[in-house]
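Reader: Could you walk me through how helix packing and nonpolar cores are read from a model?

Author: Gladly; let's look at it together.

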Amino acid sequence: EYPLLDSVKYKVAYDKLYAIRNSILDGTDNGKSRVKYKDRLPWRLRIINQDVLNAFCTPGGFIYVYTGLIKFLDTEDQLAGVMGHEMGHADLRHSTDAITRQYGIDVVLQVILGNNPNVLSQIVTGLAKLSYSRCHETQADESSVYYLAGTNYKCNGAAGFFEKLESSGQTSGTPQFLSTHPNPGNRVININNRSTKLACNTSKSGDTNGSYAALKASLP
């Protein structure tokens, strides 16, 4: 069972994460949401109180972020980049396909429809350790750039995360969603190349008035 932070007691943290989520969901491209399933998934957030560098999103659009990841990152842009990456997996149905292969279509339908909360809790562990293909990881990285291009965040925010991983020497023993090929260095290059192609903001930060520091300070 995962130690989830209470949304009332830790309202500051949840409000900030929901603000980031809303910025991603509200981004548009030619009048249409950049997130394909924006209105078909709940995109609810849960914060897991564990010192783990991880985040994941279930097929039903439930986003889980670990306190260890939030504390590890330096900026709101980086967190937005990681959240965009995970939302991309759900939006592209990568997590649905992976869980279907592992648990079967009946389980996936129960999760998506919300008919059985117990089933969701049972597969959360599997999702946290889920390994995507190289192609899926690249697609999710590119989705993160595309989503953030519609926000005030640096569209290559996820690159900052991978850069910090490399500089900190924590590229080994990292969660599955980071250790899958291509390696962090190549992913930084791919993310920045995608940002160049989209000609989106890579300099102006979405982190204002030290709000990210306040987020980290609000955590246990």
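Author: Helix H1 (residues 11–26) packs against helix H3 (residues 76–91) at an angle of about 60°, with the axes 10 Å apart. This is a predicted model, where local features need pLDDT of at least 70, side-chain atom pairs count only at pLDDT 80 or more, and totals for chains, interfaces and linings use all residues. Residues are numbered from 1 along each chain as its sequence is written, and side-chain values use heavy atoms, leaving out hydrogens and water.

Reader: What does the angle make H1 relative to H3?

Author: Angles under 35 degrees count as roughly parallel, over 145 as roughly antiparallel, 65 to 115 as roughly perpendicular and the rest as oblique. The angle therefore makes H1 oblique to H3.

Reader: Which residues of H1 and H3 meet?

Author: Contact means heavy atoms within 4.5 Å. Among those meeting are Leu17, Ile20 and Ile24 in H1, and Leu79, Met83 and Met87 in H3. By class, this contact of H1 with H3 has 8 nonpolar, 1 polar and 3 charged residues.

Reader: And the core: how many residues has the largest one?

Author: A nonpolar core joins buried Ala, Val, Leu, Ile, Met, Phe, Trp, Tyr and Cys residues through side-chain atoms within 4.5 Å, buried being under 20% relative accessible area (1.4 Å probe, protein chains only). The largest here has 45 residues, and Leu17, Trp43, Val65, Ile70 and Leu79 have the most contacts inside it. Leaving aside neighbours within four places in sequence, Leu17 is in contact with residues including Leu45, Val65, Ile70 and Leu215. A second, separate core of 5 residues includes Ile48, Phe56, Phe62 and Tyr66.

Methods: Buried < 20%, exposed > 50% of the residue type's maximum accessible area, 1.4 Å probe, protein only. Axes fitted to C-alpha atoms, helices over the stretch in contact; angles between N-to-C directions. Helix = DSSP H or I, 4+ residues; strand = E, 2+ residues; numbered from the N terminus. Nonpolar A, V, L, I, M, F, W, Y, C, P; charged D, E, K, R; others polar.
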